[in-house]
Amino acid sequence: MPFNTQHQFDDFRAKFSAHFRPLQRSFQFWAHTADIYTGYKVFQVRVSLVKDAKKQEEMWERQHEFAADKIYNMCSELGGFFLKVAQIIGKPDLAPAAWVRRLVTLCDQAPATPYDIVQLVLEKELGQKLDEVFDCFDKNPLGSASIAQVHRAKLRGNKNDVVVKVQHPGGQELMMTDIRNLQAFALFVQKTDLKFDLYSVAKEMEKQIAFEFDFTREAAAMDRIRSFLYENNKKSPVVVPRVMKDLVSRRAMVMEYIDGIPILKLGDEMAKRGFNPRGKIAAAAKQNILKSLTLAYGQMILKSGFFHADPHPGNILICRGSEVALLDYGQVKDLPENLRLGYANLVIAMADNDPRRAIESFRELGISTFTKCKDEQQEMLKLAQVMFDSKLPPGVTMLQPFSEESSIKKISVEAFPEELFSVLRTVHLLRGLSVGLGINYSCAEQWRPIAEDVLCRAGRLPAKSGKRKTERQSLVRRTFRRR
């Protein structure tokens with residue numbers, strides 16, 4: 001096929017590359033995944049031949065370190081969606097320590113879009129030249145994630161700083177390709193190794209991530225959650241940025257700038273200011289941070305049903321006086337009424353260690369299970385707490401879902417409602433934060449008064465006589481246990 005100009009050739013090459021890039025990514029994903037998966041399967045056979053428990057533990061540590069390098073290389077090479085995967089599995093309560101050490105460095109390493117492209121996208125989305133909107137605009141981004149990057153700026157005629165969030169061009173199609181590959185792998189794993197409905201979880205991820213590419217939806221969610229928290233509290237437990245409503249489009253958004261320290265840098269900041277990161281003042285600050293997040297999420301999930309569903313460390317800033325700011329509302333969830341009330345019932349069951357109520361709540365939520373193990377009721381309660389509570393069992397610093405002693409291995413979860421994945425993920429992210437802060441606590445115990453009040457208002461529990469404690473008082477008076 002002849003080309004009359006270099007421009008025609010470049011245009012053809014770009015279209016050819018765009019057509020085959022999803023196929024190339026699929027090949028890369030399956031090559032990496034097959035290598036990692038088969039490596040573990042071969043290792044399981046090899047380690048089973050070793051009888052000494054200490055030697056087995058050393059072998060597992062070496063295998064995890066070996067696999068961590070491969071997982072890191074896959075996520076780093078593919079980027080995009082796999083940076084989100086690194087955020088999910090690179091948590092100290094869920095993944096092997098070797099994985100966490102490698103993957104935690106990936107969370108803020110999405111490549112930035114060059115400024116000239118950012119300028120073109122913003123001017124097209126906002127319908128104005130940048131110098132007509134902003135007095136100054138920092139060309140270097142504050143940060144870059146898998147879907148978008150953010151820049152600091154000042155609006156014309158306004159001395160306050162703002163944050164400009166702009167999407168990376170062309171990311172949605174590739175991310176959807178990645179998710180469908182992950183869905184296929186999830187289907188394979190649930191049929192071979194882990195008897196859990198992983199496919200439904202992956203389907204919900206597809207739905208939620210598709211929403212993240214619409215900033216008009218995110219801006220509306222931010223306004224809704226901000227209004228709810230400020231109306232239901234004398235002082236909102238978390239700071240929610242205000243959106244500049246006239247400067248929002250599908251691919252760009254302007255909001256107020258929040259001055260704070262990323263939660264992962266809290267220890268370093270305390271040390272700089274002369275505080276011992278492991279001392280009493282630091283411990284009190286960490287407890288206040290968790291109390292604020294716990295109250296906000298308890299109210300959002302149980303009272304409203306509409307909640308921020310992505311509390312990973314990159315979305316949490318610590319402001320003056322241990323005040324917590326919650327950023328990035330691309331992933332939100334609106335729970336149906338029946339699931340919101342069903343989860344409230346499960347919260348009470350977990351807080352009270354009530355296996356019968358836990359089983360009843362599972363049925364109400366549409367979680368279908370199958371088991372032939374001994375002491376089925378207690379295993380069902382343990383499964384509920386592992387899935388939907390932030391507290392780790394005594395002496396446990398990491399969950400091991402593939403262990404033969406794991407409740408997820410003993411009980412097959414044959415059906416799991418997609419809508420509950422956001423609750424599951426939110427609780428696990430809160431657990432990861434608490435483990436990272438060195439505080440082991442039960443969000444179910446903290447949320448119990450809210451759940452009880454919600455069920456009373458719905459006519460599902462009798463109203464208690466006497467003056468009811470406020471949710472904040474109840475949370476403050478409960479003790480966060482340090483492990």
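**Helix packing and cores in a predicted model**

Me: How do helix α12 and helix α14 pack in this predicted model?
Reply: Helix α12 (residues 337-351) packs on helix α14 (residues 376-388) at about 115°, with axes 10 Å apart. Axes are lines fitted to C-alpha atoms, for helices over the stretch in contact, and angles run from 0 to 180 degrees between N-to-C directions. Helices are DSSP runs of H or I with at least four residues, numbered from the N terminus.

Me: Why are α12 and α14 called roughly perpendicular?
Reply: Angles of 65 to 115 degrees count as roughly perpendicular (under 35 is roughly parallel, over 145 roughly antiparallel, the rest oblique). The angle is about 115°. Therefore α12 and α14 are roughly perpendicular to each other.

Me: Which residues make the contact of α12 with α14?
Reply: Y343, L346, A349 and M350 in α12 meet L381, A384, Q385 and F388 in α14. Contact means heavy atoms within 4.5 Å. By class, seven are nonpolar, one is polar and none is charged. Ala, Val, Leu, Ile, Met, Phe, Trp, Tyr, Cys and Pro count as nonpolar; Asp, Glu, Lys and Arg as charged; the others, Gly among them, as polar.

Me: What makes α14 and α16 roughly perpendicular?
Reply: α14 and helix α16 (residues 421-437) pack at about 75°, with axes 7 Å apart. Therefore the pair is roughly perpendicular. Q385, V386, M387 and F388 in α14 meet V423, L424, V427, H428 and R431 in α16. That contact divides into six nonpolar, two polar and one charged residue.

Me: How do you know that N181 is buried?
Reply: Buried means under 20% relative accessible area (exposed is over 50%, partly exposed in between; 1.4 Å probe, protein chains only). N181 has 11%, so N181 is buried. N181 lies in helix α7 (residues 171-192). Beyond its neighbours within four places in sequence, N181 is in contact with S26, F29 and W30.

Me: What is the largest nonpolar core?
Reply: The largest nonpolar core has 111 residues. Such a core is a set of buried Ala, Val, Leu, Ile, Met, Phe, Trp, Tyr and Cys residues joined through side-chain atoms within 4.5 Å. Those with the most contacts inside it are L293, L302, Y343, F388, F416 and W447. Helix α11 (residues 280-304) gives the largest share, 11 residues. A second, separate core of 16 residues includes V118, F134, L247 and A252.

Me: What do the values rest on?
Reply: In this predicted model, local features need pLDDT of at least 70 and side-chain atom pairs count only at pLDDT 80 or more, while totals for chains, interfaces and linings use all residues. Residues are numbered from 1 along each chain as its sequence is written, and side-chain values use heavy atoms, with hydrogens and water left out.

Note on methods. Helices (H or I, at least four residues) and strands (E, at least two) are DSSP runs, numbered from the N terminus.
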